[in-house]
Amino acid sequence: MTVARGRPSLTERRRQETRQEIAEAAAVLFSEQGYDATTVEDIASAAGISLRTFYRYCVAKEDALTPLLTSSVGRLVETLATLPTDEPLTSAVQAAFGAPASVQQLADMERARRLIRVMGSVPAIRMRWLAAGRDMQDQLLAVLAARTGASPDSLEVRLMATALLDAINVALEYWARQDEPEDLVQLTRRALDYLRIDEL
């Protein structure tokens, strides 16, 4: 049996689902009881898998969140690719944050804010957050290049990708630390407006 090109096999889809289940279990535990108090055994139990299965997908507990770290940028890339090239970047970001998966992740606002604080304050997770962002920049290059007519490898397109992701990350961390948080979509738009991202 051949698998359609470009579509993951059933086995790969199951792996992706397991990674997501581990990430979601870790996110709940980290946000509710803290990173240090959460063990790998806790995560595996919450995800309904064995310890051996956990280590098949994650080298250590700080790797558990990786799918969550990359999913928001993945949605942004997908949204941006579907919009006309003259559509403002700020509109694409708002559409990505308004996607059902994003809304679901932010449904429990306090838990989401606690998790972002953990991601920003635990050095091991922060390193993976930064590394994931760097990897995801490559996915942005092609769709941003289509908007500028420049090469994906050009300095300008790479700077645009970096500025866009950094603005979103700063807005997320600022939102998570506010005593009375503003609307996240509007806060992100403010960050992009400040950088004049639509003028790049």
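## The segment after α10

R196 is placed in the segment that follows helix α10 (184–194), where helices are DSSP runs of H or I with at least four residues, strands are runs of E with at least two, and both are numbered from the N terminus. The phi angle of R196 is near 55 degrees, which is a positive value in a residue other than glycine. Most residues other than glycine have a negative phi. R196 has a relative accessibility of 54% and counts as exposed, given that exposed means over 50% relative accessible area, buried means under 20%, and partly exposed lies in between (1.4 Å probe, protein chains only).

## The model and the whole chain

This is a predicted model, in which local features need pLDDT of at least 70 and side-chain atom pairs count only at pLDDT 80 or more, while totals for chains, interfaces and linings use all residues. Residues are numbered from 1 along each chain as its sequence is written, and side-chain values use heavy atoms, with hydrogens and water left out.

The protein chain has 10 helices and zero strands, and of its 200 residues 42% are buried. Among the contacts in the chain with a separation of 6 or more, 62% are accounted for by residues 24 or more positions apart, a contact being heavy atoms within 4.5 Å.

Helix α8 (residues 123–148) includes L144, a residue that is buried with a relative accessible area of 0%. If its neighbours within four places in sequence are left aside, L144 is in contact with L80, L89, V157, M160 and A161.

Not counting residues up to four places away in sequence, A132 touches L69 and T70. A132 and T66 are 66 residues apart in sequence, yet from C-alpha to C-alpha they are 7.3 Å apart in space.

## Where α7 meets α9

The axes of helix α7 (residues 109–121) and helix α9 (residues 155–177) come within 8 Å and cross at roughly 115 degrees; such axes are lines fitted to C-alpha atoms, for helices over the stretch in contact, and the angles run from 0 to 180 degrees between N-to-C directions. On the α7 side, the contact is made by M109, A112, R113, I116, R117 and G120, and on the α9 side by L172, E173, W175, A176 and R177. These contact residues divide into six nonpolar, one polar and four charged, where Ala, Val, Leu, Ile, Met, Phe, Trp, Tyr, Cys and Pro count as nonpolar, Asp, Glu, Lys and Arg as charged, and the others, Gly among them, as polar.

## Aromatic rings

The structure holds two aromatic pairs, and one of them is formed by F54 and Y55, which are edge-to-face at 5.4 Å centre to centre with 90 degrees between the planes. Rings of Phe, Tyr and Trp (its six-membered ring) pair if their centres lie within 6.5 Å, and planes under 30 degrees apart count as stacked, over 60 as edge-to-face and the rest as tilted. F54 is buried, with a relative accessible area of 0%, whereas Y55, at 45% relative accessibility, counts as partly exposed.

Another ring, that of Y35, has the charged end of K61 sitting over it, 4.2 Å from the ring centre. A charge sits over a ring if NZ of Lys or CZ of Arg is within 6 Å of the ring centre and within 35 degrees of the ring normal.
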